[in-house]
Amino acid sequence: MNRRPFLAEIGNTPLVQLDRLFPSDGHRGIQVYAKLELMNPNGSAKDRPAIRIIQEALKSGLIAPGSVVIESSSGNMAISLAAICSYYGMRFISVIDPKTSPQSIRIMKAYGAQIEYVAEPDKATGEFLPARLARVQELLAANPNSYWPNQYENEHNYMSHYEGTMREIAQELGSIDYLFGGVSTCGTMLGSAKYAREHGMTTKLVGVDAVGSVIFGGQKSGRRFPGLGAGIVPPFARVPFLDEVVHIREADMIRECHELANQEAIVAGPSSGAVIAAVKRSLPALPDGVRCVAIIHDRGERYLETVYSRDWVKEHFGIELQSGRNC
Ligand SMILES: Cc1ncc(COP(=O)(O)O)c(C=O)c1O
């Protein structure tokens, strides 16, 4: 009998081959695997940094049952922290903005999280992130015994992917040739890069960003989906660590989400659609026979009202989704 608590199931996510989207006999022997981070208990890769940050803070006495945890997140990190704080008997205050989906807010509330809604972006930058972080500081000052995980700068964020995501991939597949993954705090790809370099792997790391994000420079523009990209350069991205960066438009993320659902029966979020789009774009330039891993960051249920809604997709992107398929 498994006597482990639910949250002990974080990590050790499945790795499956995407042989329909990328038939290895049809693409010069190129194999593409998906690391299914959506199979984490709370539905995304963010379970990894969230549990590590909280357990380390508990260990070092920064928090204890009864503490108040306060974090800025527009979705997945907040859901994971809400679940983990509930388990450890701590209050969680989630500072969100208009990009957070109604489903995500409902999931956070189901775990008892308190929602702090930031409606206006920062005046100087026009970005929500600085405005959310300013609200976090106010809440920390107003709540004694409170703690800020600070996912943008906490080394346990990327170390969770060093010890988890990339180690698991290496243990299962050995030294893969390419890793494609979405970027926001850059914790996933920084931890994976560090693991690969320190273990003599020759893996090329391809960061997948949203058009309009400025993590790696470029022109800032509006983005609708939470989770991928950033309106600032996150601290983890100040020193270059990727071999390549690919920028994907939101319309292409949507198309590839539907492809993933139709071809592989995986309903995932838009950052995973972006990762698949990046693999497809890179494919012609890849050497024959290489093995690639694509990170599938989160579940699609959080986007039923957007990516998987025919009406929403038509209204916002002018794309007609095929009738009767996934929407
Ligand atoms: C859905 C989704 N994809 C990709 C990412 C990128 O992860 P990271 O913050 O590790 O760069 C995130 C992070 O929030 C996410 O929620």
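This passage looks at the ligand site and then at some aromatic ring pairs.

The model is predicted, so local features need pLDDT of at least 70 and side-chain atom pairs count only at pLDDT 80 or more, while totals for chains, interfaces and linings use all residues. Residues are numbered from 1 along each chain as its sequence is written, and side-chain values use heavy atoms, with hydrogens and water left out.

Around the ligand there are 13 residues, and S184, T185, C186, T188 and S271 come nearest (near means that a heavy atom of the residue lies within 4 Å). On its own the ligand has 380 Å² of accessible area (Shrake-Rupley method, 1.4 Å probe), and the protein covers 94% of that.

As for the rings, a search of the whole structure turns up seven aromatic pairs (Phe, Tyr or six-membered Trp rings with centres within 6.5 Å; planes under 30 degrees apart are stacked, over 60 edge-to-face, the rest tilted). One of them, Y178 with F180, is stacked, at 6.2 Å centre to centre and 25 degrees between the planes. Both Y178 and F180 are buried (under 20% relative accessible area; exposed is over 50%, partly exposed in between, with a 1.4 Å probe and protein chains only). W312 and F317 make a tilted pair, with 5.8 Å between centres and 55 degrees between planes. W312 counts as buried because its relative accessible area is 15%, whereas F317, at 22%, is partly exposed. Ring pairs also tie F225, W312 and F317 into a cluster.
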